[in-house]
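Me: I have a structure open and would like to learn how to read its features. Could you take me through them one at a time?

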Amino acid sequence: MTEKSYKERLDILSENLPRIMSEVKEYGKGKAKLLAATKTVPVEVINYAIDHLGLTCIGENRVQELLEKYDALHKDGLEIHFIGRLQTNKVKYIIDKVSLIHSVDSEKLAREINRQAEKHGIVMDVLVEVNVGREESKGGIYPEELSAFLDILAAYPHIRTVGLMAIPPVDATKEETVNYFQQTYQILVDILQKKLHNIDRYVLSMGMSDTYKEALVCGATVVRVGSALFGKRIYPQKEEQASSALHKTIEK
Ligand SMILES: *Cc1c(COP(=O)(O)O)cnc(C)c1O
């Protein structure tokens with residue numbers, strides 16, 4: 001990372017983080033939490049946000065990237081969540097590093113989380129990802145299958161299901177997105193009423209950079225915000241690929 005890009009990143013962040021924090025407080029009525037989605041964000045930038053701007057919760061969505069950053073992260077008072085697709089064979093790497101896994105959507109994954117949590121003598125908090133937009137390409141449990149899935153999870157003693165997570169379709173309009181948020185909230189309320197399982201203080205994780213205010217209004221307790229905090233994501237590999245593709249085009 002060059003000097004300049006580092007300073008630019010801090011400037012962007014110093015402007016965005018305090019504003020978004022206060023919006024989360026306002027729209028979330030003081031009960032919601034801002035999770036910074038930190039994929040592609042250098043650990044120095046994350047640490048700056050922790051040390052100087054009051055950031056207390058981050059979410060990574062790739063195991064490899066979390067492991068690369070983990071040792072250098074300023075972890076005092078920091079909550080680290082896992083928010084992405086989680087492969088069963090990678091649970092062992094993160095089980096002792098995160099306090100909440102947002103994206104449980106199969107019994108196979110649940111079984112492995114339970115197994116690893118037992119090894120470490122802990123109970124792992126998880127959210128069930130709901131596929132509220134019924135997208136075939138996406139993970140998550142369909143709403144009508146949620147009740148049965150929660151029963152399955154309840155049988156694992158080293159897992160505690162504390163709520164739901166949802167990612168509405170990316171191509172949805174604002175209005176449709178709000179509709180999905182409302183549906184997700186209603187699904188959660190229904191579950192809380194029908195079967196309290198072990199949900200005492202529930203978590204509802206929904207809303208990203210373009211939609212966090214709406215999500216908060218609809219009852220989100222955690223919003224996962226990335227680019228609105230850190231600026232547009234820089235994917236080094238993709239840039240390289242793009243430039244080599246460009247070179248090939250030029251060579252022709
Ligand atoms: C990257 C990511 C976010 C944040 O996305 P932005 O649009 O940059 O706010 C939220 N949730 C998940 C699961 C993510 O991977």
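Me: Let's start with Arg134: is Arg134 buried, partly exposed or exposed?

Reply: The general idea is a set of cut-offs: buried is under 20% relative accessible area, exposed is over 50%, and partly exposed is in between, using a 1.4 Å probe and protein chains only. Arg134 counts as partly exposed because its relative accessibility is 44%. Please keep in mind that this is a predicted model, where local features need pLDDT of at least 70 and side-chain atom pairs count only at pLDDT 80 or more, while totals for chains, interfaces and linings use all residues. Residues are numbered from 1 along each chain as its sequence is written, and side-chain values use heavy atoms, with hydrogens and water left out.

Me: Where does Arg134 lie, and what is its phi?

Reply: Helices (H or I, at least four residues) and strands (E, at least two) are DSSP runs, numbered from the N terminus. Arg134 is in the loop between strand S5 (124-130) and helix H6 (146-154). Its phi is positive, about 50 degrees, although Arg134 is not a glycine. Thr40, in the loop between S1 and H2, also has a positive phi, near 70 degrees. Thr40 counts as buried because its relative accessibility is 18%.

Me: Which way do the residues of strand S2 point?

Reply: In a regular strand the side chains alternate between the two faces of the sheet. In S2 (residues 57-60), Cys57 and Gly59 point one way and Ile58 and Glu60 the other, and all are buried.

Me: How many bridges join S2 to S3?

Reply: Two strands pair if DSSP finds at least two bridges between them. S2 and strand S3 (residues 79-82) pair in the parallel sense over four bridges, with Cys57 opposite Glu79 in S3. Strand S1 (residues 33-37) and S2 are also parallel, over two bridges, and Ala36 stands opposite Ile58 in S2.

Me: What do the helices between these strands make with them?

Reply: A crossover is right-handed if, with the strands pointing away from the viewer, the path from the first strand over the helix to the second runs clockwise. S1, helix H2 (residues 43-53) and S2 make a right-handed β-α-β unit. S2, helix H3 (residues 63-70) and S3 make a right-handed β-α-β unit too. The buried residues of H2 include Val43, Ile46 and Leu53, and the helix is followed by Gly54, whose phi is positive, near 80 degrees.

Me: Which residues is Ile187 in contact with?

Reply: Contact means heavy atoms within 4.5 Å. Leaving aside neighbours within four places in sequence, Ile187 is in contact with Val130, Pro143, Leu146 and Leu164. Ile187 lies in helix H7 and counts as buried because its relative accessibility is 16%.

Me: What is the volume of the largest pocket?

Reply: On a 1 Å grid over the protein atoms alone, a pocket is an open set of points where a 1.4 Å probe fits, with protein on both sides within 12 Å along at least five of seven lines; lining residues have an atom within 4 Å of a point. Points are joined across faces, edges and corners, and a volume is the space filled by probe spheres set on them. The largest pocket has a volume of about 810 Å³. Of its 29 lining residues, the closest to the centre are Lys39, Ile167, Val170, Met208 and Arg224. H7 gives the most to this lining, with three residues.
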